[in-house]
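These are my notes from going through one model, entry by entry. I began with the ligand and then moved on to the protein around it.

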Amino acid sequence: MDADYLPFHPDPSKPGYVPPPGAVDAHCHVFGPADQFPYAPERKYTPCDASKEKLFALRDFLGFERNVIVQATCHGKDNRALVDALKASNGLARGVASVGPGITEAELHDLHEAGVRGVRFNFVKRLVDATPKEVFLGISEKIAKFGWHIVVYFEAQDLEGLIPFLKQLPTIVVVDHMGRPDIAKGVDHPDFQRFVTLMEEMPTLWSKVSCPERLSVEGPPLYSDVAPFARLLVDRFTDRVLWGTDWPHPNMKSHMPDDGHLVDVIPRIATDAAKQKALLVDNPMRLYWS
Ligand code: 0GY
């Protein structure tokens with residue numbers, strides 16, 4: 001583990017908010033264990049191990065029933081830890097993998113059998129070396145045949161340049177963490193409004209309304225400054241939003257969130273039972289289990 005790496009919260013609080021039956025944590029990771037599933041040589045950080053057993057225990061403790069496990073960059077394109085967790089989940093987890101241009105149909109088939117339903121394209125420079133857009137487009141054609149979707153992770157300043165590429169993608173496209181808006185600029189700033197406009201223009205674009213802990217200036221426990229951004233997306237695009245804990249919260253530097261506090265943010269961004277059911281049950285079930 002890197003010297004400045006913060007491990008996940010050892011003892012999160014029980015949230016006051018009780019998620020609806022069948023709720024899905026649609027963004028989380030497993031790391032290692034490194035002695036079984038070594039971290040990728042090309043990784044930009046080395047985390048603490050975060051096992052599938054710990055993830056499934058947290059799921060139960062927080063009141064969720066299912067997980068969507070997203071391949072993290074510290075494992076590169078080696079999806080073995082992800083597949084191992086999916087296979088151990090009794091069908092209660094689906095996955096988003098990271099693959100290269102040489103991936104074969106047989107390999108995609110095996111990933112599908114294990115529960116993978118999407119690939120992740122990462123544009124965050126501190127996490128990965130750049131991949132040419134043509135490579136991503138080639139992968140997108142291959143995975144579209146499996147009915148999968150694409151998860152994209154980028155930072156707000158990169159959105160404008162990415163718009164033509166996003167519009168070319170042949171599948172549903174899910175944006176991580178609302179495109180990482182600069183919260184200090186406010187909801188009405190052209191940067192966030194550009195993302196809202198893109199959601200309006202692209203019916204295939206979805207957003208995770210996740211990660212207040214990464215975006216907040218105010219900080220825990222309420223992360224109130226992030227709520228208006230997430231609430232706007234939930235209100236306006238109720239059937240195209242997902243929520244996740246982001247456990248085990250890689251690369252958090254300011255603090256390590258208490259996962260119970262993150263769950264307690266949900267009723268402040270999805271303000272009635274119908275919106276909460278869409279966000280936590282109906283949308284992820286449609287995307288990952290139908
Ligand atoms: C997240 C965010 C981060 C890391 C990764 O794949 C990753 O390494 O996604 C980050 O550092 O912002 O969603 O887990």
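How far is an oxygen atom of the ligand from an N or O atom in the side chain of Tyr45? I looked it up and found 2.5 Å. The model is predicted, so I treat this as a computed value, like every other number in these entries.

**Entry 1: the ligand**

I listed the surroundings of the ligand and got 15 residues. The closest are His29, Tyr45, Thr73, Arg126 and Tyr153. For His29, a side-chain N or O atom is 2.6 Å from an oxygen atom of the ligand. For Thr73, a polar side-chain atom lies 2.5 Å from a ligand oxygen.

**Entry 2: Asp176**

I went to Asp176 next. I found it in the loop between strand E6 (173-175) and helix H6 (190-201). Is Asp176 buried or exposed? Its relative accessibility is 0%, so it counts as buried, the cut-off being under 20%.

Which side chains does the side chain of Asp176 meet in polar contacts? I noted Arg120 at 2.9 Å and Lys208 at 2.6 Å. Leaving out residues up to four places away in sequence, I listed what Asp176 touches: His27, Arg120, Val151, Val152, Tyr153 and Lys208. Tyr153 had already come up, among the residues closest to the ligand.

**Entry 3: helix H9**

I looked at helix H9, residues 259-269, and wrote down its buried residues: Asp259, Gly260, Leu262, Val263, Val265, Ile266 and Ile269. I then asked what covers them. The cover includes helices H1 (52-62), H7 (212-215), H8 (227-236) and H10 (273-288). At the N-terminal end of H9 I found a cap, Asp258. One of its side-chain oxygens lies 2.8 Å from the backbone nitrogen of Gly260.

**Entry 4: cis peptide bonds**

I checked omega angles and noted two bonds. From Gly32 to Pro33 the peptide bond is cis, with omega near 0 degrees. Pro33 is placed in the loop between strand E1 (24-28) and H1. From Pro220 to Pro221 the peptide bond is also cis, again with omega near 0 degrees. I located Pro221 in the loop between H7 and H8. Both H7 and H8 are on my list of helices covering the buried residues of H9.

**Entry 5: positive phi**

Asn90 has a positive phi of about 55 degrees, and its place is in the loop between helix H2 (80-87) and strand E3 (93-97). Cys211 has a phi near 70 degrees, also positive, and lies in the loop between strand E7 (205-208) and H7.

Which of these counts as exposed, and which as buried? Asn90 has 74% relative accessibility and therefore counts as exposed, the cut-off being over 50%. Cys211, at 1%, counts as buried because that is under 20%.

Definitions and conventions:
Residues are numbered from 1 along each chain as its sequence is written. This is a predicted model: local features need pLDDT of at least 70, side-chain atom pairs count only at pLDDT 80 or more; totals for chains, interfaces and linings use all residues. Side-chain values use heavy atoms; hydrogens and water are left out. Helices (H or I, at least four residues) and strands (E, at least two) are DSSP runs, numbered from the N terminus. Buried means under 20% relative accessible area, exposed over 50%, partly exposed in between (1.4 Å probe, protein chains only). A polar contact is a pair of N or O atoms within 3.5 Å; within protein, one must be able to donate a hydrogen and the other to accept it, and residues adjacent in sequence count only if both atoms are side-chain atoms. Contact means heavy atoms within 4.5 Å. A residue is near a molecule or strand if one of its heavy atoms lies within 4 Å of it.
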